[in-house]
Amino acid sequence: MGPIQQKALINVDLGEGYGNLKCGPDEELLPLIDIANVACGFHSGDPLIMSSTVRACIAHSVLIGAHPGLPDLQGFGRREMKLSPEELTAMTVYQVGALKGFLDAKGAKLNHVKPHGVLYGMMCRDIEVARAVMRGIPKGVPVFGLAGTKMEEAAKEAGVEFWAELYGDVKYSADGMLVIDRVKKPWKKEDVEKHVTQQLTTQSVTATDGSTVQLPVGDYPLSLCCHSDSPGCVEIVKAARAVADKFNKEHGYA
């Protein structure tokens, strides 16, 4: 496959602290990114952190999305849980509504919803989980997800606009799914550059078993995700940003 056919934007998960505990260096990351996924209190984040993160995003002209996760603070939303469809829908409404309250107070727009961690992975594999979460997304708000999975299928069914994601600091398995680590591992700059370049220029990725996996992003709007809790995340995002900017410029998307 050839290169992707749209501009590559950068998104990062922010606001993932709790009380006096801080997760990522959000202040250093904000000047480097286009889009923020703000934690909504279930896997991380609290009212004061959500409020300050929204203010910081607005100050840097960064688009703001809700980042709802499973109700698992200790596991950071990266442990699988069994919830009913009603619970999945309600927790999505609850978390997105919480962030939207802070956005409304500042006259800012909710740009999208991006599920967090294991919830994202569950939605990729399980159509019923994906459908339940889609029912909790406000009308007219896009969802960020992995193309070619049950997330995309459920979004189409629900009439939810879909944005395709690629990943700068997450590996892929041979079936095209993400390898979601409980604790993020470090990446070398050159490995990030190679990983991102391959995805943008060939719409494919080298999986953990060494095979090449196709990434069917189609003509969806596209964003490249990195994580604020990855060791060396600022350097990871800088590397991804440089590759994306070079790609966008070379293909007339700058």
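Colleague: What should I know about the predicted model before we start?
Modeller: In this predicted model, local features need pLDDT of at least 70 and side-chain atom pairs count only at pLDDT 80 or more, while totals for chains, interfaces and linings use all residues. Side-chain values use heavy atoms, with hydrogens and water left out, and residues are numbered from 1 along each chain as its sequence is written.

Colleague: How many salt bridges does the structure hold?
Modeller: A salt bridge here is a side-chain nitrogen of Lys or Arg within 4 Å of a carboxyl oxygen of Asp or Glu. One network of them links D13, K114 and E165. For the structure, the count is 17.

Colleague: Take K156 and E152: which of the two is buried?
Modeller: Their side chains meet in a salt bridge, N to O at 3.4 Å. They sit four residues apart in helix α6 (residues 150-158), so about one helical turn separates them. Helices are DSSP runs of H or I, at least four residues, and strands are runs of E, at least two, numbered from the N terminus. Buried means under 20% relative accessible area, exposed over 50%, partly exposed in between (1.4 Å probe, protein chains only); K156 is exposed at 58%, and the buried one, at 12%, is E152.

Colleague: And how far apart are N and O in the salt bridge of R241 and D245?
Modeller: Both belong to helix α8 (residues 233-250), and being four residues apart puts about one helical turn between them. R241 is buried at 14%, whereas D245 is partly exposed at 37%. Their side chains meet with an N to O distance of 3.1 Å.

Colleague: Is Q6 buried or exposed?
Modeller: Q6 lies in the segment before β1 (8-14). Leaving out residues up to four places away in sequence, Q6 touches V217, G218, D219, Y220, L222, F247 and Y253, where contact means heavy atoms within 4.5 Å. Its relative accessibility is 10%, so Q6 counts as buried.

Colleague: Which backbone oxygen lies 2.4 Å from a polar atom of the Q6 side chain?
Modeller: The Q6 side chain reaches the backbone oxygen of G218 at 3.2 Å. The backbone oxygen at 2.4 Å belongs to Y220.

How values were computed
A polar contact is a pair of N or O atoms within 3.5 Å; within protein, one must be able to donate a hydrogen and the other to accept it, and residues adjacent in sequence count only if both atoms are side-chain atoms.
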